[in-house]
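Subject: Handover of a structure

Dear colleague,

A short account of what was found in it comes after.

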Amino acid sequence: MNPVVRAVDVGRGNTKFIVGIKEDGTPQCDMFPSQAAPSESLRDQDAWGAKRKTTTVPIEGLFYEVGPDVHLAADVFSANMLQNDHYCLTPEYMALLLGAVHYMQLEHIDLLVVGLPVATFKQRRWVAALEKKVQGEHQLGNGKRVTIARVKAVAQPTGALMYYGLAYNRVAELRKERSLIVDPGRRTFDWIVSHGMQQVEKRSHSVNRGMFDVLQSIADGISRTTASQYRDYDVIDRALREGKKPVIFQSDYDIAPHLAMALKIPEQAVAEMTRYVGDAADLKNIILVGGAAFFYRKALKAAFPRHMITELKDPIFANVKGFQYAGTAFSKTHQVGVGPELENPEVPHVLPRSAL
Ligand SMILES: Nc1ncnc2c1ncn2[C@@H]1O[C@H](COP(=O)(O)OP(=O)(O)OP(=O)(O)O)[C@@H](O)[C@H]1O
Ligand SMILES: [Mg+2]
């Protein structure tokens with residue numbers, strides 16, 4: 001029987017995961033907002049009205065509600081828990097991870113691949129602590145349990161590199177090339193430079209210049225113009241993605257005058273990245289992924305005018321799909337749990353060769 005492999009990418013904006021494998025063998029992705037609403041007791045299940053799409057995960061004596069409809073439960077402060085660099089060790093992170101596992105509807109997982117921001121991934125003790133914490137048996141909502149036999153944490157953008165190799169059928173070439181993978185998300189702007197499948201650590205990093213800062217900049221502009229305290233970030237986010245005017249105080253609001261200022265965020269993020277990456281003359285591929293790719297495209301093109309920038313389809317799911325493919329390939333060629341590349345502490349940044 002094939003080992004059961006699944007992947008989760010707990011971002012600071014959205015938790016992306018592989019909910020199952022389609023008949024054609026491709027992974028089926030899903031996501032929910034990365035917000036967890038804690039409470040002391042289990043909520044009475046929806047006596048009135050439609051059932052809300054959430055699940056409740058018990059962790060360290062509290063109950064955390066997570067899922068697509070969490071906005072109906074969450075208080076505004078809970079999202080802030082995911083901001084520190086070791087967020088992967090908070091109960092909120094665990095609740096989101098186990099919430100994703102809940103939606104997979106499995107009792108046993110042989111290998112779970114999880115992603116971390118590049119800066120967090122550099123802190124080896126946090127990576128080891130996370131893997132240890134996630135491995136084992138866990139209680140999910142509704143009295144269900146899951147056993148996770150093996151956990152592998154990887155830097156988030158490495159998933160996209162793996163996915164790119166497969167999607168473009170360039171696996172063999174990629175092994176010899178240098179690539180830059182740029183992954184703007186809700187809170188962090190991550191990038192890695194890879195040589196073949198290895199991450200070049202001193203040229204890879206992340207900075208806190210994500211879509212959240214963009215939304216905050218526009219919200220400040222709206223607040224000034226309307227003499228209010230405008231804070232509805234999700235409305236601005238949707239308006240930017242869909243190219244529509246948001247409705248504010250019952251009227252269509254033109255956010256265009258605030259865009260010049262908001263575009264400074266991607267410019268600053270890319271400027272910081274170029275301090276690590278240089279002019280990228282040695283880089284064969286520049287790959288743009290992450291949910292915020294659409295807003296960072298312009299700044300990236302401006303910084304690397306002589307390169308072609310490759311944007312992956314469904315950029316928000318690129319990392320988690322890559323994790324899934326890598327985990328599956330790895331589990332096929334190694335008995336999960338005894339992989340030499342993964343066990344050797346001397347080469348922790350080497351992706352499993354079998355991944356591509
Ligand atoms: N279907 C969607 N639903 C919600 N947001 C989306 C969607 N498609 C694109 N986005 C964009 O994705 C952004 C978040 O990107 P992403 O999910 O990659 O961040 P993250 O990985 O959770 O955050 P981080 O990398 O900072 O930890 C949102 O701010 C939004 O602009
Ligand atoms: Mg991300």
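The notes that follow concern the ligand site and then a sheet with its helices.

This is a predicted model, in which local features need pLDDT of at least 70 and side-chain atom pairs count only at pLDDT 80 or more, while totals for chains, interfaces and linings use all residues. Residues are numbered from 1 along each chain as its sequence is written, chains are lettered from A and ligands numbered from 1 in the order in which they are written, and side-chain values use heavy atoms, with hydrogens and water left out.

The ligand site

Ligand 1 has 18 residues around it, of which Arg12, Gly13, Arg187, Thr188 and Asp237 come nearest (near means that a heavy atom of the residue lies within 4 Å). Polar contacts here are pairs of N or O atoms within 3.5 Å. Oxygen atoms of ligand 1 lie 2.6 Å from a backbone N or O atom of Arg187, 2.6 Å from a side-chain N or O atom of Asp237, and 2.7 Å from a polar backbone atom of Asn14. On its own, ligand 1 has 650 Å² of accessible area, and the protein covers 85% of that (Shrake-Rupley method, 1.4 Å probe). Two elements, β2 (14-21) and α7 (233-242), each give two or more residues to the shell; helices are DSSP runs of H or I with at least four residues, and strands are runs of E with at least two.

The sheet

Five strands form an open sheet of mixed pairing, in the order β3-β2-β1-β8-β11; strands pair if DSSP finds at least two bridges between them. Because β3 (27-33) and β11 (151-155) each have a single partner strand, one side of each is left without a neighbour in the sheet.

β1 and β2 run antiparallel, joined by 3 bridges, and Asp9 has Lys16 in β2 as its bridge partner. A hairpin of 3 residues connects β1 to β2. β2 also pairs with β3, antiparallel and over 7 bridges; in the hairpin of these two strands, with 5 residues between them, Gly25 takes a positive phi near 90°. β8 (residues 111-116) and β11 are parallel, with 5 bridges.

The helices

Helix α4 (residues 156-167) lies across β1 (5-10), β8 and β11, at about 90° to β11. Angles run from 0 to 180 degrees between N-to-C directions of axes, which are lines fitted to C-alpha atoms, for helices over the stretch in contact. Helix α11 (residues 318-333) touches β1, β2, β3, β8 and β11, where contact means heavy atoms within 4.5 Å.

Yours sincerely

Note on methods: Polar contact = N/O pair within 3.5 Å; in protein donor to acceptor, adjacent residues only side chain to side chain.
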